[in-house]
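Try each task before you read its solution.

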Amino acid sequence: MPLRTSRQALVVPLLLAAALLAGCGARGAVSTPTTTSPPPATTAKPATTAKPATTAKPSSTRPAPSTTVTPSTTTSPASTTTTPTGRTTTTTTTPAAPTTTTTATTTTTTTTTTLPPAKVLQLGDQGPAVAKLQRRLTSLGYWVGTTDGVFGDSTQQAVFALQKAAGLTRDGVVGPRTAAALRKGVAPHPRSTSGYVIEVDLSDDLVMMVDNGHLEHVLNTSTGGGYTYTSDGVTAVAETPTGHFQIFRQVDGMVTDSLGQLWRPKFFYSGFALHGDSYVPAQPASHGCVRVSNEAINWIWANNLAPIGTRVWVY
């Protein structure tokens, strides 16, 4: 028994020493510089691996268009857009069927038409154009006598009156501006509103026959020229008196005095009269009387348009 115990006591320490030596060797191996691979990961089981059905198969279906498309060599119709930087972007589309696009182009053509100049009408002309002029003047109240298609003195006097009312050059010629005034229907505007009145407008040098404010007739006239003259030793200024008057005396014939001749005068104030004359320019030229053409005063007498007592307003 003592001998067995001694052996056992010897064996136990030897076994412990052997165990310690084995542990040191394992730790030394871990500390070496060589990197060992980590333990292999647990591999997926066959049941969890991607099935062939879920793997993307090669397909003839084209990928969906992306906002950034690289140049393609496919033969599908493509639209090409060039960006401001010069880069060309090609968008590939698959149309359901060939489509033809038609772009409508609107062409605007501006045509300039040059109208021939309007015919100028003047003293001595004859024909339909003159007759048309005379009818238009008559419709506006300008007295022309007869609409016979002859551009005579009475028609010229009417054109003078129109040009005065329109503020145009008083040349008696129907040019473009006078024709435009005629088309526009230019006429003077009387001042009286009641009764029958013969108005004499000195600013435009016109005689108007007005009935209750309505303009009936217009005549060219030549009134006081504003110049200084001497008659029978008396010096005076050629002016037409202004104010409200009435015809108080008339002579059916020629009256001759120191200042000249008055054809069929109708006196409205002292020696001042509305009378006929062979010369009635478009400007004021008389000594103060109200001149109208001989044809006009004959028409006034024939139609009793200025009997004794007729009111005359000069302004």
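**Exercise 1: Buried or exposed?**

Aspartate 277 has a relative accessibility of 15%, so this residue counts as buried. Your task: show how that label follows from the cut-off.

Solution. Start with the rule: buried means under 20% relative accessible area. Now look at the value for aspartate 277, which is 15%. That value falls under the cut-off, so the residue gets the label "buried". Keep in mind that you're looking at a predicted model.

**Exercise 2: The surroundings of aspartate 277**

Task: find out where aspartate 277 sits and which residues it touches.

Solution. First, locate the residue: aspartate 277 belongs to strand β12, which covers residues 272–277. Next, skip residues up to four places away in sequence; aspartate 277 then touches Gln261, Arg291, Val292, Ser293 and Asn294. Finally, check its side chain: one of its polar atoms lies 2.8 Å from the backbone nitrogen of tyrosine 279.

**Exercise 3: Zoom out to the chain**

Task: describe the chain, then say where pLDDT stays under 50.

Solution. Begin with the elements: there are 5 helices and 14 strands. Then take burial: of the 315 residues, 31% are buried. For the surface, the chain exposes about 20700 Å², with carbon and sulfur atoms supplying 58% of that.

Now turn to confidence. The mean pLDDT is 77, and 63% of the residues reach 70 or more. Over residues 1–95 pLDDT stays under 50, and the model has 26 contacts beyond four places in sequence for them.

Terms used
Residues numbered from 1 in each chain as written. Predicted model: local features only at pLDDT ≥ 70, side-chain atom pairs only at ≥ 80, totals over all residues. Heavy atoms only, no water. Helix = DSSP H or I, 4+ residues; strand = E, 2+ residues; numbered from the N terminus. Buried < 20%, exposed > 50% of the residue type's maximum accessible area, 1.4 Å probe, protein only. Polar contact = N/O pair within 3.5 Å; in protein donor to acceptor, adjacent residues only side chain to side chain. Contact = heavy atoms within 4.5 Å. pLDDT = per-residue confidence, 0-100. Areas by Shrake-Rupley, 256 points an atom, 1.4 Å probe, with all protein chains shown as cover.
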